[in-house]
Amino acid sequence: MKDDLEFPLGDARPGAAETIEIAPGIHWLRMPLPFQLNHINLWLLEDGDGFVIIDTGLKLEETRVHWRTLFGRFGIAYGGKAGKTVNRLVVTHFHPDHIGLAGWLAQELATDLWISRTEWLMARMLYLDSEASNHSSMTRFFARHGMNRALAGRMFANGNTYRDRVTEAPYHHRRLREGDMLDIGGRRWEVIVGTGHAPEHVCLWTGDGGILISGDQILPEITPNISVWASEPDASPLEEYLGSFASFRHLPDDTLVLPSHNLPFRGLRQRIAQIVDHHHERLDRLGNGFNGARLSVAEAVPLMFRRELDDHQMGFAMGECLAHLAYLESAGSMAGRLDPDGIHRFERV
């Protein structure tokens with residue numbers, strides 16, 4: 001599928017504390033992640049005599065060091081030092097690799113956080129969540145869907161891991177909404193909101209040069225995690241995610257897409273079609289795999305994921321499997337109910 005897309009920079013990518021000017025006034029940088037997906041793409045936009053930052057990276061000392069190096073290179077004022085201003089700190093959504101250093105950056109740069117209301121509320125809520133309630137809620141949720149209770153207890157024994165990966169988000173924010181227009185560096189950027197991966201994910205589109213900053217909503221090589229979580233157990237996020245593509249289909253296919261992971265690319269409509277096909281293939285494989293059986297989510301995971309999963313991966317795999325089952329249930333081809341043993345199971349109808 002990657003071969004169907006165009007990657008205008010080939011395999012080029014910025015090194016640590018380096019940037020590539022991918023379009024006039026738009027600088028691409030990368031920050032490290034301590035996961036299998038080992039990087040996040042961030043964007044520094046020139047804005048008159050100042051700059052706009054889009055997304056922040058995870059709360060890591062290494063990432064703070066890289067930011068300070070970049071501030072020095074671009075002459076940006078921080079920590080009380082004189083220099084150019086950062087006029088906006090924009091965050092696409094509440095996930096730790098995107099908002100992790102927002103509190104620190106907002107303070108260091110004396111700037112405001114621009115984010116959608118729901119993403120700000122999610123970040124504040126999760127940061128303030130108690131260790132005990134986080135552990136008990138997640139353990140009960142995964143055990144209800146068939147995970148061994150002892151394993152579920154071990155997985156969430158550390159309580160609120162979100163707080164470990166982010167600085168506290170600023171108490172106030174500047175709200176971004178669907179259709180808002182931002183003037184940055186002589187370009188007009190339109191806010192397009194995506195759903196499913198996150199509740200109110202901000203993407204930015206400009207017709208000046210045909211550029212879309214897509215965050216995690218549209219990625220060139222992987223698909224973002226689409227999961228049901230304990231905080232909203234009856235959600236149908238896959239339905240929301242696939243439906244949200246309608247907001248992007250009017251954009252030109254030669255749009256330069258700047259994703260949060262992997263490489264910038266062209267071929268937006270082709271990639272959307274690939275993602276939709278990918279999820280429908282998974283839905284078919286999952287539904288056909290039941291063969292008259294009643295299965296919990298834990299029992300259904302191998303129908304979608306045909307590889308060994310560690311404990312960390314199992315949590316995401318179960319959340320994604322449940323999202324696909326919820327989609328099938330909403331479509332009327334699957335039904336789920338809580339059995340007398342306290343396990344929620346699904347069957348084809």
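Visitor: Why is R124 called buried?

Guide: Buried means under 20% relative accessible area, exposed means over 50%, and partly exposed is in between, using a 1.4 Å probe and protein chains only. R124 has a relative accessible area of 13%, so R124 counts as buried. Keep in mind that this is a predicted model, where local features need pLDDT of at least 70, side-chain atom pairs count only at pLDDT 80 or more, and totals for chains, interfaces and linings use all residues. Residues are numbered from 1 along each chain as its sequence is written, and side-chain values use heavy atoms, with hydrogens and water left out.

Visitor: Is E168 buried, exposed or partly exposed?

Guide: Partly exposed, because its relative accessibility is 37%, in between the two cut-offs.

Visitor: What makes R282 and E320 a salt bridge?

Guide: Their side chains meet at 3.2 Å, N to O, and that is within 4 Å. R282 belongs to helix α9 (residues 268-288) and E320 to helix α11 (residues 311-331), 38 residues apart. R282 counts as buried at 11% relative accessibility, and E320, at 5%, is buried too.

Visitor: How many salt bridges are there in the whole structure?

Guide: A search finds 14. Salt bridges that share partners also join R294, R337, D339, D341, R345 and E347 into one network.

Visitor: How do you know that β2 and β3 pair?

Guide: Two strands pair if DSSP finds at least two bridges between them. Strand β2 (residues 26-32) and β3 run antiparallel and are joined by seven bridges, so they pair. L29 has L42 in β3 as its bridge partner.

Visitor: And what about β3 and β4?

Guide: β3 and strand β4 (residues 50-54) pair in the antiparallel sense over five bridges. They form a hairpin with two residues between them, and G48 in the turn has a positive phi of about 65 degrees.

Conventions:
Helices (H or I, at least four residues) and strands (E, at least two) are DSSP runs, numbered from the N terminus.
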